[in-house]
Amino acid sequence: MTSPTATAPATPVASPDAAPLLARRYDALDVFRGLTIAGMILVNTPGSWAHVYAPLRHAAWHGATPTDLIFPFFLFIVGVAMWFSFSKFEHRPSPAVLKKIARRVVLIFAVGLLILNAHPYVRDYGTLRIMGVLQRIALAYGLASLLCLYLRPKALLATSAGLLLGYWALLWAGGGPDPYALETNLARQIDLFIFGADHLYQGFGVPFDPEGLLATIPAAVTVVLGYLAGRTLRATAPLEKALLHLFLAGTALLLAGVVWNPLFPINKPLWTSSYVLYTGGIAMIGLAWAVWLIDVKGWRRWAEPFRWMGLNPLFLYVLSGLWVLALIRWVRLPAGDGTTMNGYAWLYQKVFAPLAGPLNGSLLFALAHVAVFMLLGWLLYRRRLFIKL
């Protein structure tokens with residue numbers, strides 16, 4: 001439900017991940033979520049990883065690029081959605097809402113593990129990665145849901161602050177002389193102990209999972225920040241006042257993250273507490289602007305393609321991952337020298353690179369994939385198909 005000054009959308013539609021289950025809703029929530037999914041597809045599908053513009057790469061370790069904002073933005077908007085979704089349960093635990101949460105956690109985790117990680121092409125399950133993006137979403141959503149249902153706002157704020165400080169203390173105390181380094185951090189040691197090196201992500205040069213278990217705790221706080229932002233939107237009137245509160249709170253969080261950075265570096269793979277504040281602050285500011293532009297000023301036309309994606313976000317994300325895997329594993333096309341290459345490489349080398357050069361061709365390849373899944377989002381929207389994960 002929006003405040004009395006909010007603009008109601010012309011066509012209310014039930015959204016799978018965030019739809020407010022009240023009489024009125026904010027289109028900006030779907031747009032914000034769709035933008036994050038478009039961003040995920042953009043950074044995950046360059047034509048060539050050797051040719052990627054710097055802002056579309058993750059920071060090597062400490063620090064944050066625009067790409068490092070995308071995942072926390074998605075978790076943040078999950079939290080905003082939770083406020084509206086839990087309103088019909090009066091924000092209190094009940095068998096019905098706890099069953100809903102448990103079912104969703106299991107489903108999202110299973111899709112990440114059994115479809116994206118253990119896809120049909122995997123032959124050696126002894127090296128199956130256990131964690132992943134969807135698994136992080138599932139666990140962070142589940143933990144944050146329990147915190148938000150069982151704690152009142154003041155206690156929720158205090159507990160979230162305690163979790164961020166406690167996570168800092170754990171990493172500082174458990175990582176040796178360089179507690180935030182790749183090889184020695186406590187989060188990695190815990191994942192190695194629980195899963196074993198062969199079941200962790202291998203892209204950092206050493207086994208380390210950027211979606212590991214311990215860092216799920218601060219990631220859940222990212223969701224909680226979104227939940228509190230949703231509460232501000234719903235409980236503060238007029239809407240312009242709520243947006244001002246979000247903007248000021250977001251600015252304070254962003255600055256707090258920057259101030260904390262020298263002591264506890266902003267770091268996405270570790271999902272450090274300073275990273276939570278920094279990205280959460282930017283997300284709050286971004287949400288305030290999105291609601292003002294779309295739901296207050298009514299400037300919706302530019303945002304419609306992202307709203308289509310935001311109505312089926314996790315489905316489109318999973319499908320984009322499966323599409324890439326299929327191109328790489330199943331499709332073989334002639335390379336022109338008597339050999340063959342996989343479909344992904346063929347599209348880049350034979351279509352996009354000749355068209356725009358190595359670097360811009362790689363970007364154009366990624367943008368083309370965003371456009372394809374945007375079109376699919378439109379087709380699902382036209383048919384009123386909302387596939388809920």
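A residue is called buried under 20% relative accessible area, exposed over 50%, and partly exposed in between, with a 1.4 Å probe and protein chains only. By that scale Glu 90 is exposed, with a relative accessible area of 60%. This is a predicted model: local features need pLDDT of at least 70, side-chain atom pairs count only at pLDDT 80 or more, and totals for chains, interfaces and linings use all residues. Residues are numbered from 1 along each chain as its sequence is written, and side-chain values use heavy atoms, with hydrogens and water left out.

**Helix packing**

- Helices (H or I, at least four residues) and strands (E, at least two) are DSSP runs, numbered from the N terminus.
- Axes are lines fitted to C-alpha atoms, for helices over the stretch in contact, and angles run from 0 to 180 degrees between N-to-C directions.
- The axes of helix H11 (residues 313-329) and helix H13 (residues 358-382) cross at roughly 135° and come within 11 Å. H11 is therefore oblique to H13 (angles under 35 degrees count as roughly parallel, over 145 as roughly antiparallel, 65 to 115 as roughly perpendicular and the rest as oblique).
- Residues of H11 that meet H13 include Phe 315, Leu 319 and Trp 323, and the H13 side includes His 369, Phe 373 and Leu 380; contact means heavy atoms within 4.5 Å.
- By class, the contact of H11 with H13 holds eight nonpolar, three polar and no charged residues. Ala, Val, Leu, Ile, Met, Phe, Trp, Tyr, Cys and Pro count as nonpolar, Asp, Glu, Lys and Arg as charged, and the others, Gly among them, as polar.
- H7 and H9 have axes 10 Å apart and pack at an angle of about 30°, which means that H7 is roughly parallel to H9.
- In this pair, Pro 218, Val 221, Thr 222, Leu 225, Ala 229 and Leu 233 of H7 meet Val 276, Gly 280, Met 284, Leu 287 and Val 291 of H9. The residues of the H7 contact with H9 divide into nine nonpolar, two polar and no charged.

**Single helices**

- The 24 residues of helix H9 (residues 273-296) should span 34 Å at 1.5 Å a residue, and the end C-alpha atoms are 33 Å apart, which agrees. The expected span is 1.5 Å times one less than the number of residues.
- H9 is mostly covered, with 19 of its 24 residues buried.
- Just after H9, Gly 298 has a positive phi of about 80°.
- Among the buried residues of H11 are Pro 313, Tyr 317, Val 324 and Leu 327.

**Loop residues**

- Glu 90 lies in the loop between helix H2 (70-86) and helix H3 (95-117), and its phi is near 60°, a positive value in a residue other than glycine.
- His 91 is also found in the loop between H2 and H3. Phi of His 91 is near 55°, again positive in a residue other than glycine, and His 91 is buried, with a relative accessible area of 10%.
- The peptide bond from Ala 237 to Pro 238 is cis, with omega near -5°. Pro 238 sits in the loop between helix H7 (216-235) and helix H8 (239-260).
- Lys 268, in the loop between H8 and H9, is buried, with a relative accessible area of 8%.
- Leaving aside neighbours within four places in sequence, Lys 268 is in contact with His 58, Asp 68, Phe 71, Glu 211 and Tyr 275.
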